[in-house]
Every structure is written in structure tokens, then in C-alpha cells.
Amino acid sequence: MGEGTKGTGGEPDGRDWSATRSWVEKGLGAERIERVVRLRGGWTSQMRRLDLSGPGGPRSLVLRSFVKPFYVRHAEGLLTREAAVLRLLGDTDVPAASLVAVDATAQHCDHPSLLMSLLPGAVRLGDRDADDRAELLARQLVRIHRLSVTAPQRPRPYQAWASPERVTPPAGTARPALWQRAVDVIRRDPPAHRGCFLHRDFHPGNVLFTGTGGDLRISGVVDWVETSWGPADLDVAHCSTALALLHGVPAGMRFADRYTAAGGTLAHGRAHLYWRLLDALGFAPDAEKVAVPWRELGRADLTREVLTHRLEGYLEALVERYA
């Protein structure tokens, strides 16, 4: 797992993870932590890369710790779920990290934490080669949705991240009628759907790439804390919204077509529109929540004004195509 790096080593925030470090070290046997690097680009978690040395040679692990109060409160469910998913994915062709250890309730650590293997590659959010990456994203998502799980392995039902009552349009929007129309779509009951295995937070910031041109490959899919069971449309919707915000409205509108061309199945018309808007409205009013980590990863051009403009344009395009 990797999300780009920040810092040059040493022990970042040494005072707030001494117990966590001790917990890690107790499980390493003859290995030693030689270097600690804060990873950037995450929103929910504090991420560290731990470079190790030992009899078997050097290797690296990734430590996820929940430090924000909201996520600390929910950490037991989130990290227990991610640990179970990583164990499950170990027997599949999905490129996910291997679980090393988990302390979901901070019984031993300073904060709830999960330790996993480091995946090769890096997050790529630039406009260059964005179409090629989107093709790979669509194919990967189809493979995730086709995962076969037993009833005991099935993750929890999906949770909606938006509701009509919580949607806040941008201040001073020139298109209040558009926002009202979009909100009205998600006031109705969810459409009937066939459930499948969802990543639930699948977007370019949670996918690692290696290579260029014809050698471009997805080397890892990370952040499985929200894994759920629900309609494929919801994962497609989330990635589509992110692509629209990152690369412009057309990029977001093309992703569903890429997904179906790769063999995926989606709802039609207003049923599909429901899931797309349920996701997009969760980014209102200005997508600032995702903008912060994206800017840390080099997308300084994604100002609040740019993202607000793209979000409104995306809502309009969705309503025009699927309503």
C-alpha cells in the first residue's frame, strides 16, 4: 500500500505513536524498524511506511492509524472489516495488501491501527494518461464486483453517504433549480437492485499504478474499510464523480460506459441516475473533503471554485442523460 510519501525519514510524530511502535516491534521478531515515512494523500487515516531490516533482507510495511475523533469512534468496525477483507482478498487476483496485524480497539496502540504489506506503485491523479488509467479502473472494478463470497463472508449492506435533508448546495449557486431537481431524485426509495461485493470507496486516490504507455498496470487497490454489499452502480457512481472532479465532466460521464464495455452490468435510466446522484450529492457543496488530499498529491489546480463548477456541471450532465 502506498499513497506517495512526505518527509525524509526519522520518526514523524514520535510522541503520538510510541505505544503503537512498540506493538509493531513486538511482532517483528528479528526485524528492526530502520526508517519511518509519513504517507500523504489520505483523509480518514494517518499513514506511515515502515522500512525494515532483518535476516530475510529489507522490506516495508504500511501502518494505518485512526487519529481523528470521528474515525476513532468507528475504528473497531472499520478496521475489523478491513482486516477481514484483506484476508479474503488474499485468495483472489485482486491486488490488495496482505494483513500483518490489527489492533482495532487500541488495546495496545496509541490509536486504533492496522499493519499491512506495502504494495508497489503510486497514486496517479494527473490529467496525462487519465483515459488509459480510467480503462484499467473500469476493468478492475468489474473483477471486484465478480468476487464470489459465501454468506458468512458477505460484507455489511451499503450505507448511503447523502440524504435529501443533508445536501447543501454551493453558496450563491446560479442553478438552484438544478440542485432541487437532483435532490428530488434521491427522495424516493432506492431502486430494486442485485447486490454484489463493493469496494465502496473505489476512486483514483485508492488505486496504485506502475509503468507507462503499454506497460501501464494497476499494482494495488487500497483502503477497504468501507467494503459493502450493494449495487454495482454505487461503486461506478463514486469513481465517476471522482473522475469528473479530477479531470472534468466528460471523464466522469464516460466511466459507466467503460465499465459496461468491460463486461459490467448497470441499471438503466432513472434507476441508474438515483445511484449516480446519491453519490455526487455527497460531495456537496464543493468537494473540499477530497480536494485536500488531492492537492497534497500535486493537484493544486483543484481549487474550491474549480471543483464546485465541475460538480454542478456533472449534476447537469447526469440529469440530461439519465432523467
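The legends below describe close-up views of a predicted model.

Local features require pLDDT of at least 70 and side-chain atom pairs count only at pLDDT 80 or more, whereas totals for chains, interfaces and linings use all residues. Residues are numbered from 1 along each chain as its sequence is written, and side-chain values use heavy atoms, with hydrogens and water left out.

**View A. Strand 4 and its two antiparallel partners**. Strands are DSSP runs of E with at least two residues, numbered from the N terminus, and two of them pair if DSSP finds at least two bridges between them. Strand 4 (residues 59–65) is joined to strand 3 (residues 46–53) by 7 bridges in antiparallel fashion, and M47 stands opposite R64 of strand 4. These two strands form a hairpin with 5 residues between them, where G57 in the turn has a positive phi of about 100°. Strand 4 also pairs with strand 6 (residues 113–117) over 5 bridges, again antiparallel, with L61 opposite S117 in strand 6. Because 5 of its 7 residues are buried, strand 4 is largely enclosed by the rest of the structure; buried denotes under 20% relative accessible area, exposed over 50%, and partly exposed the range in between (1.4 Å probe, protein chains only).

**View B. Aromatic pairs**. Rings of Phe, Tyr and Trp (its six-membered ring) pair if their centres lie within 6.5 Å; planes under 30 degrees apart count as stacked, over 60 as edge-to-face and the rest as tilted. The whole structure holds 4 aromatic pairs. One of them joins F70 and Y71, whose ring centres are 5.0 Å apart with planes at 85°, so this pair is edge-to-face. F70 is partly exposed at 44% relative accessible area, while Y71 is buried at 11%. Y274 and W275 likewise give an edge-to-face pair, because their planes stand at 90° with centres 5.0 Å apart; both residues are buried. F66, F70 and Y71 form one aromatic cluster.

**View C. Arginines over tryptophan rings**. A charge sits over a ring if NZ of Lys or CZ of Arg is within 6 Å of the ring centre and within 35 degrees of the ring normal. R154 lies over the face of W229, 3.9 Å from the ring centre. The charged end of R200 sits over the ring of W161, at 3.7 Å from its centre.

**View D. Cysteines C196 and C239, in no disulfide**. A disulfide is a pair of cysteine sulfur atoms within 2.5 Å, and the whole structure contains 0. For C196, the nearest cysteine sulfur is that of C239, 14 Å away. C196 is buried at 11% relative accessible area, and C239 is buried at 0%.

Note on methods:
Helix = DSSP H or I, 4+ residues; strand = E, 2+ residues; numbered from the N terminus.
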